[in-house]
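I opened my notebook to jot down what I looked up, one entry at a time. Here is the structure I had on screen.

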Amino acid sequence: MTIDWIAFTPWWSLIGGILIGIAAALLVLFNGRVAGISGIVAGLLHPRHPDTAWRIAFVLGLVVAPIVYVLLDRAPMIVIDAGYPLLVAAGLLVGIGTRYGAGCTSGHGVCGISRLSPRSIVATIVFIVVGMLTVFVMRHALG
Amino acid sequence: MNKSLFAFAAGFLFGVGLIVSGMASPRKVLGFLDVAGAWDPSLAMVMVGAIAVGLFAFARAGRRSTSLLGAPMQLPTTRDIDRRLVVGSALFGVGWGLVGFCPGPALVALGAGRVKALVFAVAMLAGMIVFEWIERSRGEGRGTSDAERVVAD
């Protein structure tokens, strides 16, 4: 294993992680809800639900963040290498998978592990290991 | 109204956290998942930071029955480690590894005006709708559908 020291941003990533933790803390302590983004988005598929307003507000916050960031600092670094067919396939898999598995990186990876939920710890290990295997196949076995 | 205000603040901070940490960029996420190549361990630091704060917050939340705004504390109650959890998380892992997007960063990149993020997000919503169709066709005759239950997560 070789570490990419040029790409590695330990401090910025730690600070970003702390902000994400504070965000999850706000949502659970004030609203009593888990900041699971796949669950929040999926809930919007039933728009007459009483939870719709706060779900929209949360998603809006996520979408507005880069816009404010540009105004205050600079354009966020976002590099998307994948082509359209792969993006569609991946989107479908992420949509179906996060619903079957009842969570994604935020709901299981951040909030679930913070709750010390064995279920979320298993889910997080599974999606990280499978994600690593997928990248291995794409970059080193096929690529 | 207050609930929406705090939800907006939480979503906004979450988004800023994803940008600052570098996780809004699929290339950086793939750098973490590529353990056989030049490995970028940054995502591990993100989890350390988020969970360090989260541990305190969820410990406090677990001792309360209502939130600070008086809303019921709705923490997941499902405890089963079953096939659904593992297969679902594995499917998500494949999608995540293919392009480097999970739901949060995709929405942030969408806000940054990336057409590719829009395409991913629309496909993701379509995937969620497909899931509900499958659940509904399988769940007919059963009481509460699983689709209703898992939305709580």
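This is a predicted model: local features need pLDDT of at least 70, side-chain atom pairs count only at pLDDT 80 or more; totals for chains, interfaces and linings use all residues.

**Entry 1: a glycine in a loop**

I started with A:Gly32, which sits in the loop between α1 (10-31) and α2 (37-43) of chain A. Is A:Gly32 buried or exposed? I looked up its relative accessible area and got 0%. The cut-off for buried is under 20%, so A:Gly32 counts as buried.

I then looked up a distance from A:Gly32 to A:Ile18. They are 14 residues apart in sequence, and their C-alpha atoms are 20 Å apart in space.

**Entry 2: chain A as a whole**

Next I zoomed out. I counted six helices and one strand in chain A. In what order do the elements of chain A run from the N terminus? I read them off as β-α-α-α-α-α-α.

For the dimensions, I took a box along the principal axes, and the C-alpha atoms of chain A fill roughly 50 × 40 × 35 Å. Chain A has 143 residues, and buried ones make up 57% of them.

**Entry 3: two positive phi values**

I went back to the loops to look at backbone angles. A:Ala102 has a phi near 55°, which is positive even though the residue is not a glycine. I found A:Ala102 in the loop between α4 (84-100) and α5 of chain A. Its relative accessible area is 4%, so I wrote A:Ala102 down as buried.

A:Leu116 also went on my list, with a positive phi of about 60°, and it is not a glycine either. Where is A:Leu116? I placed it in the loop between α5 and α6 of chain A. Is A:Leu116 buried or exposed? At a relative accessible area of 60%, A:Leu116 is exposed; exposed means over 50%.

**Entry 4: a nonpolar patch**

I stayed with the surface for this one. Which residues form a nonpolar patch there? I noted A:Ile121, A:Ile125, A:Val129 and A:Leu133, with about 340 Å² of accessible area together.

A:Leu133 is in helix α6 of chain A. Its relative accessible area is 51%, so A:Leu133 counts as exposed.

**Entry 5: aromatic rings**

Then I turned to ring pairs. How many aromatic pairs are there over all chains? The count came to 10. I followed up A:Phe127 and B:Trp96, whose ring centres are 5.8 Å apart with 85° between the planes, an edge-to-face pair. This pair crosses between chains: A:Phe127 is in helix α6 (residues 118-142) of chain A, and B:Trp96 is in helix α4 (residues 83-99) of chain B.

I checked how covered the two partners are. A:Phe127 is buried at 0% relative accessibility, and B:Trp96 is buried too, at 1%.

B:Trp96 has another ring partner, B:Phe92. Why does the pair of B:Phe92 and B:Trp96 count as stacked? Their centres are 5.9 Å apart and their planes are at 20°, so the pair is stacked; the cut-off for that is under 30 degrees. B:Phe92 and B:Trp96 are four residues apart in helix α4 of chain B, so about one helical turn separates them. B:Phe92 has a relative accessible area of 0%, so B:Phe92 is buried.

Putting the pairs together, I got a cluster of A:Phe127, B:Phe92 and B:Trp96.

**Entry 6: empty space**

Last, I looked for gaps. Rolling a probe the size of a water molecule over the atoms shows where empty space is left.

I found about 560 Å³ of space in the largest pocket. It is lined by 21 residues, and the closest to its centre are A:Thr9, A:Met77, B:Ser21, B:Gly22 and B:Lys28. Which elements give two or more residues to this lining? I wrote down α1 (2-21) and α2 (26-33) of chain B.

My search of the whole structure also turned up three cavities of 30 Å³ or more. The largest cavity has a volume of about 190 Å³. Of its 17 lining residues, the closest to its centre are A:Thr105, A:Val110, B:Leu18, B:Leu43 and B:Cys102. At least two lining residues each come from α5 (105-114) of chain A and from α1, α3 (42-62) and α5 (103-111) of chain B.

How values were computed: Residues are numbered from 1 along each chain as its sequence is written. Chains are lettered from A and ligands numbered from 1 in the order in which they are written. Side-chain values use heavy atoms; hydrogens and water are left out. Rings of Phe, Tyr and Trp (its six-membered ring) pair if their centres lie within 6.5 Å; planes under 30 degrees apart count as stacked, over 60 as edge-to-face and the rest as tilted. Buried means under 20% relative accessible area, exposed over 50%, partly exposed in between (1.4 Å probe, protein chains only). Patches are made of residues with over 30% relative accessible area and no salt bridge: like charges are joined within 9 Å, nonpolar side chains (Val, Leu, Ile, Met, Phe, Trp, Tyr) within 5 Å. Accessible areas come from the Shrake-Rupley method with a 1.4 Å probe; for residues, only the protein chains shown count as cover. A salt bridge is a side-chain nitrogen of Lys or Arg within 4 Å of a carboxyl oxygen of Asp or Glu. On a 1 Å grid over the protein atoms alone, a cavity is a set of points where a 1.4 Å probe fits but cannot get out, and a pocket is an open set with protein on both sides within 12 Å along at least five of seven lines; lining residues have an atom within 4 Å of a point. Grid points are joined across faces, edges and corners, and a volume is the space filled by probe spheres set on the points.
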